[in-house]
Structures are given as C-alpha cells and as structure tokens.
Amino acid sequence: MEFSVIIIGAAILLLIFIPIALVHKKRDKEEKATLHRLNSAAAAGQSIIKHDLWNNSAIGLDSAGTLYFIENNSAGVKKINLKGIKECRIINSGRAVINHLEDPYSIRRLELALTGSHYEYEQRLLFFDVAVNLQINNELQLIKKWQTVIGNYIKAD
C-alpha cells in the first residue's frame, strides 16, 4: 500500500517538474543565442561589456561606446554610436485608471529615446509594449538602469 502511494507521489512530482525544467532549459538556450547575436554584432576586436536580456529582447554596450539592441527577437540588431548622442530620456506612455485602488496609472509602452546632436535624429528603443507582453516585470527598473548607464557615458564623453 505504501509503495503505491510513493510511486503515485513520484509520478505527480515528475509530471510537475519535468515541464518546468524543459521550459527553463529552452529559455536558457534562447538567452545564450541572443547573447551570441549581440557579441557577433559587435565590431571586430570589441566585446560586449554590459548587457541585459528580457522578454526576447536584449541590450548591450561595447567598450568602444556602441549600443546594440535586439527588439523581440527581430532579425536585425540596432547599432547606435553613443558618441553622437546628446540626450537620453525615458518615454513612459500610459493612461490613468479610474476606480483602481492599487495603481492609478497603467503603463502601455516604455521606450528609451536617444537624441543626437541634431534634434531631428532620434532613436527609440522599445523596452515594453502592452500589445506584446501583457504584464510588466522588471522593464521599468531596467530602462532606468540603462538611462543611467547611457547618461554616464554621454557625460564622460
């Protein structure tokens, strides 16, 4: 009797943990492939010194001051030379939510806007869009971090 309970318990645990392990392994493989794409996009002799990966997107900075951005596993890698950037700001598009007690503001899009020396030149890097991902995770902290990183690089340059 006890042996059958142990077998049933072990089978239930395996049915729960095997799919979780497979999803985790798949996500790790995708993150490694994305990081490899960032490193291969870097110029010859340069390597990515800072990077972050989230929701099929990635951002990285090499030692020469070039920013690399992959948006939602798109085919291309955006390359932006930070030497021509004068301003970095966060664009937080959202709306007010009426009769919502916890959070009266709903974020719809988070973008990092990089403005060049000519103000008609502006690159926008999409960190979060409610049409793609229904729930915001750590994108707000991540975009603030990269605004600081880029801002420090602009000031030092």
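Figure 1. Residues are numbered from 1 along each chain as its sequence is written, and side-chain values use heavy atoms, with hydrogens and water left out. Because the model is predicted, local features need pLDDT of at least 70 and side-chain atom pairs count only at pLDDT 80 or more, while totals for chains, interfaces and linings use all residues.

**Figure 2. The order of helices and strands.** Two helices and seven strands can be found here, running α-β-β-β-β-β-β-β-α from the N terminus on. Both kinds of element are DSSP runs numbered from the N terminus: helices are H or I with at least four residues, strands are E with at least two. Among contacts with a separation of 6 or more, 42% are between residues 24 or more positions apart, a contact being heavy atoms within 4.5 Å.

Figure 3. Rolling a probe the size of a water molecule over the atoms shows where empty space is left. On a 1 Å grid over the protein atoms alone, a cavity is a set of points where a 1.4 Å probe fits but cannot get out, and a pocket is an open set with protein on both sides within 12 Å along at least five of seven lines; lining residues have an atom within 4 Å of a point. Grid points are joined across faces, edges and corners, and a volume is the space filled by probe spheres set on the points. The largest pocket has a volume of about 180 Å³, and its lining includes Arg27, Glu30, Trp54 and Asn73. Two elements, α1 (2-41) and β1 (48-54), each give two or more residues to this lining; α1 has the largest share, with four. Sorted by class, the lining has two nonpolar, five polar and three charged residues, with Ala, Val, Leu, Ile, Met, Phe, Trp, Tyr, Cys and Pro counted as nonpolar, Asp, Glu, Lys and Arg as charged, and the others, Gly among them, as polar.

Figure 4. One cavity of 30 Å³ or more is present, and the largest cavity holds about 50 Å³ of space. Phe127, Phe128, Val132 and Asn133 are among the residues that line it. Strand β7 (residues 122-129) contributes the most to this lining, four residues.

**Figure 5. Salt bridges around Glu122.** Six salt bridges turn up in the whole structure, each a side-chain nitrogen of Lys or Arg within 4 Å of a carboxyl oxygen of Asp or Glu. Glutamate 122 pairs with arginine 89, their closest N and O atoms 2.7 Å apart. This bridge links distant parts of the chain, strand β7 and strand β5 (residues 85-96), with the partners 33 residues apart. Glutamate 122 is partly exposed at 30% relative accessible area, and arginine 89 is partly exposed at 31%. Glutamate 122 also meets arginine 124 in a salt bridge (3.0 Å, N to O).

Figure 6. Glutamate 111 and arginine 109 form a salt bridge (2.8 Å, N to O). Here glutamate 111 is buried, at 8% relative accessible area, whereas arginine 109 is partly exposed at 28%. Through shared partners, salt bridges join Arg89, Arg109, Glu111, Glu122, Arg124 and Asp129 into one network.

Definitions and conventions
Buried means under 20% relative accessible area, exposed over 50%, partly exposed in between (1.4 Å probe, protein chains only).
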